[in-house]
Amino acid sequence: MQQTLSIIKPDAIEKNLIGKILSRFEENNLKVIAAKMLHLTKEKAQKFYEVHKDKPFYNDLVESITSGPVLVSILYGEDAIQKNRKIMGATDPQKADKGTIRKDFATNIDRNAVHGSDSVENAKIEVSFFFKENEIFIR
Ligand code: CMP
């Protein structure tokens, strides 16, 4: 069993898709064990995406993730990290498979509806970036 960090990004929230996206996780046996809505500051967004700081898309990425509120959650379940990545689809919605969140709901690669941790190591880092132990409701 694993935990993975999920972010519903501002573009998806703007389109009123929180419920539909959380349903996709729940329908696939991922349990939401923590959640909060917040508007990331530029500084917090820069820190979260620090691994991408030398990439050409870094500034656009920070701009888009801070353009409105996000819904941050922890998803829990068997093989949660890979399962979430499958449900989300490819980073670029044009390359995402049919039936994935990004294929169905993303605008483009910068406004791609959701973020999910990509490895066990990053899931741990990203979960603790947003949540304290007493904010996680694991049963
Ligand atoms: P996310 O999973 O949040 O992680 C980094 C984000 O950078 C990614 O989703 C995309 O929204 C954005 N991005 C923009 N251009 C690229 C690119 N060429 N490769 C990867 N990520 C990109």
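Reader: Between which two elements is Ser117 found, and is Ser117 buried or exposed?
Author: This is a predicted model, and in it Ser117 belongs to the loop between E4 and helix H7 (120-130). Buried means under 20% relative accessible area. Ser117 is therefore classed as buried, its relative accessible area being 0%.

Reader: Which residues are in contact with Ser117, leaving aside its neighbours within four places in sequence, and what is the length of the polar contact between the side chains of Ser117 and Glu126?
Author: With those neighbours left aside, Ser117 is in contact with Thr4, Leu5, Ile81, Arg85, Asn122, Ala123 and Glu126. In the case of Leu5, the backbone nitrogen lies 3.1 Å from a polar atom of the Ser117 side chain. In the case of Glu126, the two side chains are joined by a polar contact of 2.8 Å.

Reader: Which residues surround the ligand, and how much of the ligand's accessible area does the protein cover?
Author: The ligand is surrounded by Lys9, Tyr49, His52, Phe57, Leu61, Thr91, Arg102, Ile109, Asp110, Asn112 and His115. An oxygen atom of the ligand is 2.7 Å from a side-chain N or O atom of Lys9, and the corresponding distance is 3.4 Å for Arg102 and 3.0 Å for His115. Of the 450 Å² of accessible area that the ligand has on its own, the protein covers 77%.

Reader: Why do the buried residues of helix H4 (residues 58-65) lie on the same side of H4, and what covers them?
Author: The buried residues of H4 are Tyr58, Leu61, Val62, Ser64 and Ile65. They lie on the same side of H4 because they cover an arc of only 165° around the axis. What covers them includes E1, helix H1 (10-14), helix H3 (42-48) and E3.

Reader: Is Lys42 buried or exposed, and how far apart in space are Lys42 and Asp110?
Author: Lys42 lies in helix H3 and is exposed, with a relative accessible area of 51%. Leaving aside its neighbours within four places in sequence, Lys42 is in contact with Val62 and Thr66. Lys42 and Asp110 are 68 residues apart in sequence, and their C-alpha atoms are 16 Å apart in space.

Reader: Which residues of helix H5 (residues 80-88) are buried, what do they pack against, and which residue follows H5?
Author: Ala80, Ile81, Asn84, Ile87 and Met88 are the buried residues of H5. Seen down the axis, they fall within an arc of 130° and so line one face of the helix. They pack against E1, helix H2 (18-27), E3, helix H6 (101-105), E4 and H7. With a positive phi, near 85°, the residue that follows H5 is Gly89.

Key. Residues are numbered from 1 along each chain as its sequence is written. This is a predicted model: local features need pLDDT of at least 70, side-chain atom pairs count only at pLDDT 80 or more; totals for chains, interfaces and linings use all residues. Side-chain values use heavy atoms; hydrogens and water are left out. Helices (H or I, at least four residues) and strands (E, at least two) are DSSP runs, numbered from the N terminus. Buried means under 20% relative accessible area, exposed over 50%, partly exposed in between (1.4 Å probe, protein chains only). A polar contact is a pair of N or O atoms within 3.5 Å; within protein, one must be able to donate a hydrogen and the other to accept it, and residues adjacent in sequence count only if both atoms are side-chain atoms. Contact means heavy atoms within 4.5 Å. The arc is that of the directions from the helix axis to the C-beta atoms. A residue is near a molecule or strand if one of its heavy atoms lies within 4 Å of it. Accessible areas come from the Shrake-Rupley method with a 1.4 Å probe; for residues, only the protein chains shown count as cover.
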